[in-house]
Amino acid sequence: MRGSPSLGHYVFAFVFLVRLIALARLTSSPFLLPSGGDMHFYDDWARQILHGRFTDHFAFYGLPLYAYLLAVLYKLFGYSPFVPGFLQACLDAGTATLLYKIAIRVFRTTNEPELVDNRARVIGLLAAVGWTFFVPAQAYSVILMPTAWGVFVFWFLVWQIVKTERAPSPLRSLAYGALIGITATGVATILFIVPLLLAALLLRP
């Protein structure tokens, strides 16, 4: 029925529920507050920013975006790794939904966007379910690491390229470049999307 939730909405809700269960289990464990490793690195950096140390006037000793983002979240919601984990659970559910949509677009057998055949829908659901129960994705979506943000932006850009048959307009290209540049200050591997964007610009009408 018009206005009713689509299958993509249910995919998002299911993956989000699974990620919330993982986050709840982490919250009830002693590992929510980082005591070492990269999580402690970002957490400690964010708390330094909260105390007014925005820079030490030297080159950053790590990618700064995630630390500043954590500082903003700590300022708004108080010091708790739960809020970043909650937002990352949303992003990871969004990633699964993007995989579902990309699979439907790639494997459809008709050029009519309203008509989605069952084969493409099943492939999309399998992709989303595979991502849901992919253990590294579950882990990185709830801990203090920028991975979930970078993965979401990567697949969002893939979806923007795949969903249309034409090259991005100059304004869209500028927006994509700005998004990649900003994301690269937190997750440098987002730069792997650049060749795909260049191919979309050069090979499509």
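Q: Is Ser6 buried, partly exposed or exposed, and what is its relative accessible area?

A: The model under discussion is a predicted one. To place a residue, one reads its relative accessible area: under 20% is buried, over 50% is exposed, and values in between are partly exposed. Ser6 has a relative accessible area of 35%, and therefore counts as partly exposed. Ser6 belongs to the segment before H1. Its side chain makes a polar contact with the side chain of His9, at 2.8 Å.

Q: How far apart are Ser6 and Ile161 in sequence and in space?

A: Separation along the chain and separation in space are to be read as two values. Ser6 and Ile161 are 155 residues apart in sequence, and their C-alpha atoms are 22 Å apart in space.

Q: Which elements make up the protein chain, and in what order do they run?

A: The protein chain has 9 helices and 0 strands. Read from the N terminus, its elements run α-α-α-α-α-α-α-α-α. Its C-alpha atoms fill a box of roughly 55 × 40 × 30 Å along the principal axes. Of the 205 residues in the chain, 37% are buried.

Q: What share of the contacts between residues at least 6 apart in sequence joins residues at least 24 apart?

A: Here one asks how far along the sequence the partners of each contact lie. In this protein chain, 71% of the contacts between residues at least 6 apart join residues at least 24 apart.

Q: What span does helix H1 reach, and what span is expected?

A: The length of a helix can be compared with the span expected at 1.5 Å a residue. Helix H1 covers residues 7-27, 21 residues in total, and reaches 30 Å from its first C-alpha to its last, close to the expected 30 Å.

Q: Why do the buried residues of H1 line one face of the helix?

A: An α-helix has 3.6 residues a turn, so residues three or four places apart point the same way. In H1 the buried residues are Gly8, Val11, Val15, Phe16, Val18, Arg19, Ala22, Leu23 and Leu26. Seen down the axis of H1, these buried residues fall within an arc of 160 degrees, so they line one face. They pack against helix H4 (82-107), helix H5 (118-132) and helix H6 (135-140). The face turned away from the buried side carries the exposed residues His9, Tyr10 and Arg25.

Q: Which backbone oxygen lies 2.7 Å from a polar atom of the side chain of Arg19?

A: For a buried side chain with polar atoms, one looks for partners within reach. Arg19 lies in helix H1, and with a relative accessible area of 0% it is buried. The oxygen in question is that of Thr132, at 2.7 Å; the backbone oxygen of Trp131 lies 3.0 Å from a polar atom of the Arg19 side chain. Beyond residues up to four places away in sequence, Arg19 touches several others, including Ala89, Asp92, Gln138 and Ser141.

Q: With which side chain does the side chain of Gln160 make a polar contact?

A: Gln160 is found in helix H7 (residues 147-162), and at 9% relative accessibility it counts as buried. Its side chain makes a polar contact with that of Tyr176, at 3.3 Å. Leaving aside neighbours within four places in sequence, Gln160 is in contact with Arg172 and Tyr176.

Conventions
Residues are numbered from 1 along each chain as its sequence is written. This is a predicted model: local features need pLDDT of at least 70, side-chain atom pairs count only at pLDDT 80 or more; totals for chains, interfaces and linings use all residues. Side-chain values use heavy atoms; hydrogens and water are left out. Helices (H or I, at least four residues) and strands (E, at least two) are DSSP runs, numbered from the N terminus. The expected span of a helix is 1.5 Å times one less than its number of residues. Buried means under 20% relative accessible area, exposed over 50%, partly exposed in between (1.4 Å probe, protein chains only). The arc is that of the directions from the helix axis to the C-beta atoms. Contact means heavy atoms within 4.5 Å. A polar contact is a pair of N or O atoms within 3.5 Å; within protein, one must be able to donate a hydrogen and the other to accept it, and residues adjacent in sequence count only if both atoms are side-chain atoms.
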